[in-house]
Amino acid sequence: QVHNVLLRHISYLRTIYNHYCKLADEDSGILARMEFWKFIKDTKMYLKLSMPIADSVISDSLELECETERESPFTKFLFREFLQAVVFLAVYIYSEQVTRENGSFVSKCLSGLLHDHVLPLDLNT
């Protein structure tokens with residue numbers, strides 16, 4: 001069911017990913033952690049969890065072992081890793097608000113995050 005939620009919004013999520021990739025000085029087409037932080041700030045997710053906690057959730061989602069990778073603002077995120085981190089953030093933020101029934105817990109958390117924070121994002125500002 002998480003797959004279906006992601007597929008429903010994949011085009012816009014790709015647009016967001018590409019938008020934040022372009023904010024970096026380099027033309028690698030790969031999102032850096034610093035731009036991911038800006039995404040969290042712009043979507044106002046930081047109102048639901050602090051930036052250090054968000055960063056820890058992101059690092060855990062990627063299973064970064066090396067301390068340098070866990071702390072570097074230049075750590076790169078492929079699109080699939082961006083999606084994975086968004087799912088982890090959704091579960092962290094919405095885990096207390098969503099009921100755990102019918103096996104759709106993660107997809108409900110993700111839908112909540114997308115609806116409340118990501119979809120209203122204005123990329124023109």
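Predicted model: local features only at pLDDT ≥ 70, side-chain atom pairs only at ≥ 80, totals over all residues.
Residues are numbered from 1 along each chain as its sequence is written, and side-chain values use heavy atoms, with hydrogens and water left out.

**The whole chain**

Begin with a cartoon view, where the protein shows seven helices and two strands, these being DSSP runs numbered from the N terminus (H or I, at least four residues, for helices; E, at least two, for strands). Followed along the sequence, the pattern is α-α-β-α-α-α-β-α-α. Of the 125 residues, 42% count as buried, where buried means under 20% relative accessible area, exposed over 50%, and partly exposed in between (1.4 Å probe, protein chains only).

**Helix H6**

Next select residues 79-94, which form helix H6, with 16 residues and a reach of 22 Å from first C-alpha to last, close to the 22 Å expected at 1.5 Å a residue; the expected span is 1.5 Å times one less than the number of residues. Among the buried residues of H6 are Phe79, Phe82, Val86, Leu89 and Tyr94.

**H2 against H6**

Axes here are lines fitted to C-alpha atoms, for helices over the stretch in contact, and angles run from 0 to 180 degrees between N-to-C directions. Show side chains to see Ile10, Leu13, Arg14, Ile16 and Tyr17 of H2 meet Phe79, Phe82 and Leu83 of H6, contact meaning heavy atoms within 4.5 Å.

**The nonpolar core**

Now select Phe36, Phe39, Met45, Phe82 and Leu89, the residues with the most contacts inside the largest nonpolar core, which has 37 residues; such a core is a set of buried Ala, Val, Leu, Ile, Met, Phe, Trp, Tyr and Cys residues joined through side-chain atoms within 4.5 Å. H6 gives the most to this core, with ten residues. Centre on phenylalanine 82, which touches, beyond residues up to four places away in sequence, Leu13, Ile16, Tyr17, Leu31, Phe36, Phe39 and Phe77.

Turn to H7, which packs with H6 at an angle of about 95 degrees, the axes being 8 Å apart, and that makes H6 roughly perpendicular to H7. Among the residues that meet here are Val86, Val87 and Ala90 in H6, and Phe105, Cys109 and Leu113 in H7.

Return to valine 98, which counts as buried because its relative accessibility is 16%. Leaving aside neighbours within four places in sequence, valine 98 is in contact with Phe105, Lys108 and Cys109. Valine 98 and glycine 112 lie 14 residues apart in sequence and 8.9 Å apart in space, C-alpha to C-alpha.

**A last stop**

Finish at lysine 44, in the loop between H3 and H4, which has a positive phi of about 65 degrees although it is not a glycine. At 44% relative accessibility, lysine 44 counts as partly exposed.

Notes: Parallel < 35°, antiparallel > 145°, perpendicular 65-115°, else oblique.
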